[in-house]
Amino acid sequence: MTSTTEAAPAAATKSPTEKLGARRPAIIAVANQKGGVGKTTTAVNLAACLAVAEKRTLLVDMDPQANATSGCGIEAAEVEKGNIYHALLGHLPIHDVVHLTKIPHLSLLPSHINLTGAEVEMVNMIAREQKLSNILGDVGEEYEYVILDCPPSLGQLTLNSLTAADSVLIPIQCEYYALEGLGKLLNTIRLIQRHLNKKLQICGVLLTMYDRRLNLSRQVADEVRSYFGNKVYKTAIARNVRLAEAPGHGQPIVLYDIVSPGAQNYMSLAGEIIKHG
Ligand SMILES: Nc1ncnc2c1ncn2[C@@H]1O[C@H](COP(=O)(O)OP(=O)(O)OP(=O)(O)O)[C@@H](O)[C@H]1O
Ligand SMILES: [Mg+2]
């Protein structure tokens, strides 16, 4: 068992496949420090739709609330002794904590409320921002996509996610104050690019809970498009009650109701991401 206060330098933990220059997965962090904007709904359903499109996908739950974990039908008790917390702190190898899901090609690295402790335990560690990046190096080319569901903060768990990711997907809820706090997120992304992860890009901005009947939704969409231009995905995720119900059944929307507008929206988003890389 690795001590929680030691940290190997990033380069030393590269997997053999990485050293040989083998294909790495595309790692996408779903991030916005604002709460309740649709990060988890997007991470779970985008990951599920990529898997339905036969892309080998790993969903990583980086939030101690563990909503992505329960949304995939995995109970807290099942993962108490083996989850992202143990992998991040080096207590267990990543392969020991990855779960298969009911969807072929979709695996889950689950979270648990004990992940809250990781932020505190990592405080004195060397290279603490690189913990996730290092452990993901060990999954090599087993996956084509890795989707990271970030918590609603810019703390250590989000910093780890942005340091490990190739790109960040920013969900924006079509509501009042939608753009509030985005400056802080964009500034954090710039700091990460400068100091920790040069390759990090914004892969896209996603409008969520869009209701085309409401002026407010249309106004927010226009404002977001004029600010982010072609970085905004063509697909907007409609407000759809089936998307809100699905986690209560422990199912991504493609299992819960494949013909719902929510499922169609997330399939279309997955299509855009596969097409544009
Ligand atoms: N398109 C949608 N239509 C209807 N309800 C939605 C939609 N997207 C998300 N929701 C609901 O809105 C709530 C917040 O969504 P979600 O949990 O995905 O946000 P979050 O950004 O992950 O929240 P947190 O910041 O707490 O992690 C949930 O109850 C979810 O079911
Ligand atoms: Mg969430």
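1. Strand S2, residues 57–61, is largely enclosed by the rest of this predicted model, because 5 of its 5 residues are buried. The criterion is 20 or more other C-beta atoms within 10 Å of a residue's own.

2. In a regular strand the side chains alternate between the two faces of the sheet. In S2, Thr57, Leu59 and Asp61 point one way, Leu58 and Val60 point the other way, and all are buried.

3. Helix H2 (39–52) has 14 residues and spans 20 Å from its first C-alpha to its last, close to the 20 Å expected at 1.5 Å a residue. Since 14 of the 14 residues of H2 are buried, this helix too is largely enclosed by the rest of the structure. Glu54, which follows H2, has a positive phi, near 65°.

4. Around ligand 1 there are 20 residues, of which Gly35, Lys39, Thr40, Thr41 and Pro152 come nearest. The elements giving two or more residues to this shell are H2 and helix H12 (241–245). H2 gives the most, with 3 residues.

5. By residue class, the shell around ligand 1 consists of 10 polar, 7 nonpolar and 3 charged residues.

How values were computed: Residues numbered from 1 in each chain as written. Chains lettered and ligands numbered in written order. Predicted model: local features only at pLDDT ≥ 70, side-chain atom pairs only at ≥ 80, totals over all residues. Near = placed C-beta within 6 Å. Helix = DSSP H or I, 4+ residues; strand = E, 2+ residues; numbered from the N terminus. Nonpolar A, V, L, I, M, F, W, Y, C, P; charged D, E, K, R; others polar. Expected span 1.5 Å × (residues − 1). Buried ≥ 20, exposed ≤ 12 C-beta atoms within 10 Å, placed from the backbone.
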